[in-house]
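Trainee: I'd like to learn how to read a protein model. Could we go through one together?

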Amino acid sequence: MVQRKRAIVERQAIGNGFKRSLRAVAVILILTASGTYLLAQGQTAPSGNQPRPTETGPSSGPQSSAVAGAQQQLYTASGANGAQVNSDSFKGSIVEGKSTGTVIDLSLDDAIQRGLRNNLGIILQGAAQKNANGQRLEELQALLPTVTGAASINVQQVNLAAYGIKFPGVNPIVGPFQVVDFRAYLTQNLLNISALQNYLAAKHNFAAAKLTAQDARDLVVLTVGNSYLLCIADKARVEAVTAELATSKVTLDQAIAAHNAGTSPKLDVLRAQVDYQNEQQTLISAKNQLSKDKLVLARAIGLPLDQEFNLTDRVPYAAFNDIDPQATVDQALKTRKDLAASGEQVKVAEAQKKSAWAYQLPVASFTGDFGDLGQTPGHSHSSYTATGQVTVPVLQIAKTKGQNEVAAAQFEQARAKLGDQAQQVNQDVRDAILDIQAAAKLVEATHSNVELANEALSEAQQRFKAGVSDNLPVSQAQSQTEQANDQYISALYQHNVAKLSLARALGAAQTSYKDYLGGK
């Protein structure tokens with residue numbers, strides 16, 4: 001009878017030990033699963049089974065390094081002179097298609113549309129816009145519920161003796177046994193002012209990126225339009241030099257004929273031959289410059305560099321009506337996208353300043369999990385934890401004060417840059433107006449010079465042909481005619497570029513460049 005009771009006690013002891021072991025293993029599994037979940041969220045597992053307090057502020061001061069990098073990129077991308085994403089980005093492109101092997105016609109509209117599709121500045125700014133939107137979504141997640149799921153199975157054999165659990169006559173080895181756990185985890189910030197301000201900062205940063213992307217389209221129009229106008233000027237210069245070469249050939253033939261007839265010295269032939277060869281050299285240089293500038297245009301619009309093309313637009317001179325500088329400046333201040341982007345950056349800095357101050361406020365959060373725990377899926381029972389928590393920073397005076405000062409300094413910088421950029425827009429508009437007015441006067445003056453130089457050349461040729469004088473006046477008149485033509489072509493180019501610059505200064509280059517180039 002005593003042996004029977006002893007056997008019963010031993011079995012009960014073993015059973016109780018086994019149950020205690022299961023409870024210990026269950027606790028270990030819960031802690032392990034909680035730690036895995038927290039590590040998966042980029043957090044450190046807390047002691048016990050308590051949820052980690054939600055952070056009450058940004059990880060590295062009032063703005064994260066990613067947001068700071070994007071902000072700096074946007075400031076760089078929205079320079080008032082249109083020369084940055086960086087400055088070389090708008091000169092490059094992604095090549096579209098392959099060379100056709102034939103000569104294609106390229107209008108100004110075609111060139112600008114190609115540039116708006118393929119220009120590197122547009123592509124890079126589009127990527128920056130997507131990056132800013134991604135950061136906005138990341139900050140938004142801190143305000144939304146976060147739910148994750150996990151499933152685990154654990155097979156274990158425990159040595160109770162290793163834990164100091166010993167019973168005489170009882171085998172200390174328990175198991176093997178298994179535990180399965182299917183669980184869902186929920187985390188929700190109930191009150192986190194700092195996270196809210198971080199999201200608002202990211203939202204304004206995204207708005208600034210969109211505005212900068214729109215401004216980049218104006219910069220592309222300015223870049224491509226300038227390259228196209230430069231090629232037109234080069235082409236006009238080639239045509240002018242070709243005509244001057246033909247005139248020089250006529251003068252050379254006249255000098256040779258007069259010398260052969262004995263009415264003109266050899267010096268006239270040599271002088272005419274030098275002038276003719278100078279014109280040949282000028283024509284070679286002009287054609288080479290046209291070819292190089294066409295390569296620059298092709299690179300800006302994504303056209304294969306081995307693709308031959310003809311310029312179909314000539315963009316002749318069109319007078320521009322007088323405009324009120326102050327009214328134009330007021331219009332630019334309302335329509336310039338880069339200025340609006342800088343305004344959004346001020347709002348970014350303001351939200352980050354509020355976020356830095358809110359770092360010292362309490363944060364309320366909720367964490368919980370619910371799952372099914374047991375030896376097998378068929379022998380399990382539901383289990384859950386639910387925790388509401390309020391965390392309050394107690395002693396971090398230096399950190400809080402430092403973050404506030406950094407955020408305040410960045411806010412002041414953003415406001416100062418916005419004020420300066422408004423002045424830059426003002427200057428852009430007034431510079432463009434002055435350039436238009438000056439170039440218009442240059443066009444009129446140089447056009448008159450061309451007419452006078454042509455008349456003087458004709459008079460000198462007639463006098464030389466009649467034998468009244470040698471060909472020195474002809475040579476001088478040819479040089480003056482070449483100079484007058486070159487100045488006239490340059491004045492036309494400057495006038496058209498100034499009008500295109502005014503369209504960009506008003507933030508209307510993409511939509512209204514035809515109106516400005518064609519006169520208004």
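Predicted model: local features only at pLDDT ≥ 70, side-chain atom pairs only at ≥ 80, totals over all residues.

Trainee: Is Thr446 buried or exposed?

Mentor: Thr446 counts as buried because its relative accessibility is 7%. You'll find Thr446 in helix α9. Helices (H or I, at least four residues) and strands (E, at least two) are DSSP runs, numbered from the N terminus.

Trainee: What is Thr446 in contact with, leaving aside its neighbours within four places in sequence?

Mentor: Contact means heavy atoms within 4.5 Å. On that basis Thr446 is in contact with Ala484, Gln487, Tyr488 and Ala491, leaving aside neighbours within four places in sequence. Now for polar contacts: each is a pair of N or O atoms within 3.5 Å; within protein, one must be able to donate a hydrogen and the other to accept it, and residues adjacent in sequence count only if both atoms are side-chain atoms. A polar atom of the Thr446 side chain lies 2.7 Å from the backbone oxygen of Leu442, and one lies 3.2 Å from the backbone oxygen of Val443.

Trainee: How do I read the sides of a helix?

Mentor: An α-helix has 3.6 residues a turn, so residues three or four places apart point the same way. Take helix α11, residues 509–517: its buried residues are Ala509, Ser512, Tyr513, Tyr516 and Leu517. They're on the same side of α11 because they cover an arc of only 150° around the axis; the arc is that of the directions from the helix axis to the C-beta atoms. Thr511 and Lys514 are exposed, on the face turned away from the buried side of α11.

Trainee: What covers the buried residues of α11?

Mentor: The cover includes α3 (108–118), α5 (193–260) and α10 (472–505).

Trainee: How do I read a nonpolar core?

Mentor: Think of a set of buried Ala, Val, Leu, Ile, Met, Phe, Trp, Tyr and Cys residues joined through side-chain atoms within 4.5 Å. The largest one here has 61 residues, and those with the most contacts inside it are Val224, Tyr228, Leu297, Val429 and Leu502. At least two residues of this core come from each of α3, α5, α6 (266–301), β4 (309–311), α7 (325–335), α9 (397–465), α10 and α11. With 15 residues, α5 gives the most to this core. Have a look at Leu297: not counting residues up to four places away in sequence, Leu297 touches Leu106, Val224, Ser227, Tyr228, Cys231, Phe309 and Leu311.

Trainee: And how do I follow strands that pair?

Mentor: Two strands pair if DSSP finds at least two bridges between them. Strands β2 (residues 146–159) and β3 (residues 173–191) pair in the antiparallel sense over 13 bridges, with Ala151 opposite Phe182 in β3. Strand β3 is also joined by 11 bridges to β5 (residues 363–376), and those two run antiparallel. There, the partner of Gln188 in β5 is Phe366. Moving on, 13 bridges join β5 to β6 (residues 379–391), again running antiparallel. A hairpin through two residues connects β5 to β6, and Leu373 has His381 as its bridge partner in β6.

Trainee: Which residue of β5 stands opposite Leu191?

Mentor: That's Ala364. Leu191 is found in strand β3 and is partly exposed, with a relative accessible area of 45%. Not counting residues up to four places away in sequence, Leu191 touches Pro362, Val363 and Ala364. Leu191 and Val390 are 199 residues apart in sequence, and 9.0 Å apart in space, C-alpha to C-alpha.

Trainee: What about the peptide bonds?

Mentor: Most residues other than glycine have a negative phi, and most peptide bonds are trans. Here a cis peptide bond joins Gly175 and Pro176, with omega about 5°; Pro176 lies in strand β3.

Trainee: How many helices and strands does the protein chain have?

Mentor: There are 11 helices and six strands. Of the chain's 520 residues, 42% count as buried.

Methods:
Residues numbered from 1 in each chain as written. Heavy atoms only, no water. Buried < 20%, exposed > 50% of the residue type's maximum accessible area, 1.4 Å probe, protein only.
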